[in-house]
Amino acid sequence: MMNKILKLRHIALIVSVIIIAIGMAVGTVCHFVSNGFFNYGAEFASYKSIQITTSIPEDVSGNKAKKIAEDALSSLGAYEVHFSEGTATAPNTVTYYFPMSASDDELASAVEDIKAAFEQQKMEDASAGVLKQTAVPDGGWQLGLAAIAVSCAAFLQAVYFAFRYKPGMALSSLCSQATVVGIYAALLAITRCPVGIQAAAFAVVAVAVTMICNGVFFSSVKNAFKDESNVKADKYELIAGSAASTAKVNIAVCVALAVAIVIFGVFALIAAPGAATLSAYLASLIAVVACAFTFGVFTPASYGLLSAIDKSNN
């Protein structure tokens, strides 16, 4: 199998580029016609909202506020509704979220209808208003910090590999880190999986796992090159043999991660059913898929090309 991957190494690399290109295309289209390049979660999303508050003496359970809001907003297509039950010091709060494309005039008109309903029911302490949340460019500083962490980790590993192994291995490892992030981002854009702060953390984890698996792979390659019995062996056969011998270990890491994610996801859904709960676990599974593809296909194929930099097998 690994021999076939190396023989078709150009195709393996092209497939990686195609996946990333499709993700870029889908994300770019969604940037102009939807809410952004990625399907951003609540903490990264820009949105408009109508917030309604009622005091506990006027509306003990919050049902009055919900009923008035539903009558006024039923035609506006709110994509998320959140109710916060009041306390001794805070009122009942109902918040309806809308995309940034929602009409300001329609939202303002709906608020006036809600206020009129409050007056009719003599709810003097009730209020309603339009709020606007504008995200700092598509995810803010959290994504920037994650990008810095990933870039530093990839660079340091490349420097380490250049001294411990060979320049071609260092360059291949650097390309692998860029690829795992690119494929992860592309799959997030293609699948429209909600992207929150967890997605940024999973990108860092994906790079860390790929770094570990690359270290296992290149250690095996180095030992194969140094083995005197392999002096006359074909270089690509040695690379393929190392990839095959380390594949079980590397795949086992991804399988273990995937199983743990599924188990934790099931318990999380039992505790808090909902799409928001599931989205974080879907993003983590996508990160695992990106890792498995990168070190299973891309890294051996890329080193099959870049091994020409390492002139000898010793």
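How many salt bridges does the structure hold? The structure, which is a predicted model, holds two salt bridges. The protein chain contains nine helices and six strands. Of its 314 residues, 42% are buried.

One of the salt bridges joins the side chains of Asp104 and Lys48, with an N to O distance of 2.7 Å. Asp104 belongs to helix α4 and Lys48 to strand β2, so this pair ties together parts that are 56 residues apart in sequence. Side chains of opposite charge can pair when their charged atoms come close.

The side chains of Lys67 and Asp71 also meet in a salt bridge, at 2.9 Å from N to O. Here both residues sit in helix α3, four residues apart, so about one helical turn separates them. Lys67 counts as partly exposed at 47% relative accessibility. Asp71 has a relative accessible area of 52%; the cut-off for exposed is over 50%, so Asp71 is classed as exposed.

Helix α3, which spans residues 63–73, also has buried residues: Ala65, Ile68, Ala69, Ala72 and Leu73. Why do they lie on the same side of α3? They cover an arc of only 110° around the axis, and therefore share one side of the helix. These buried residues pack against strand β2 (47–54), strand β4 (92–98) and helix α4 (104–120). Strand β2 and helix α4 are also the elements that hold Lys48 and Asp104, respectively.

The next topic is the nonpolar interior. In soluble globular proteins, nonpolar side chains tend to be buried together. The largest nonpolar core in this model has 26 residues, of which Phe38, Val180, Tyr184, Leu188, Val195 and Cys291 touch the most other members. Helices α6 (167–191), α7 (197–226), α8 and α9 each supply at least two residues of this core. The largest share, seven residues, comes from α9. Apart from this core lies another one, of 20 residues, including Tyr96, Ala102, Phe118 and Met123.

Leaving aside neighbours within four places in sequence, Tyr184 is in contact with Ala199, Phe202, Ala203, Ala283, Ile286, Ala287 and Ala290. Ala283 is found in helix α9, residues 275–306. With a relative accessible area of 2%, Ala283 is buried, because the cut-off for that class is under 20%. Beyond its neighbours within four places in sequence, Ala283 is in contact with Tyr184, Leu188, Cys193 and Phe202. Ala283 and Phe202 are 81 residues apart in sequence, yet their C-alpha atoms are 7.5 Å apart in space.

A further pair of positions can be followed from helix α5. Ala147 is placed in α5, residues 140–164, and counts as partly exposed at 41% relative accessibility. Ala147 and Ala200 are 53 residues apart in sequence, while the distance between them is 8.2 Å, C-alpha to C-alpha.

Not counting residues up to four places away in sequence, Asn250 touches Cys213, Val216 and Phe295. Val255 is likewise placed in α8, but is partly exposed, with a relative accessible area of 45%.

Which residues form a nonpolar patch on the surface? The patch is made of Ile251, Val255, Val259, Val262, Ile263, Val266, Phe267 and Ile270, and together they have about 730 Å² of accessible area.

Notes. Residues numbered from 1 in each chain as written. Predicted model: local features only at pLDDT ≥ 70, side-chain atom pairs only at ≥ 80, totals over all residues. Heavy atoms only, no water. Contact = heavy atoms within 4.5 Å. Buried < 20%, exposed > 50% of the residue type's maximum accessible area, 1.4 Å probe, protein only. Arc of directions from axis to C-beta. Core = buried A, V, L, I, M, F, W, Y, C linked by side-chain atoms within 4.5 Å. Patch = residues over 30% accessible without salt bridge, like charges linked within 9 Å, V, L, I, M, F, W, Y side chains within 5 Å. Areas by Shrake-Rupley, 256 points an atom, 1.4 Å probe, with all protein chains shown as cover. Salt bridge = Lys/Arg side-chain N within 4 Å of Asp/Glu carboxyl O.
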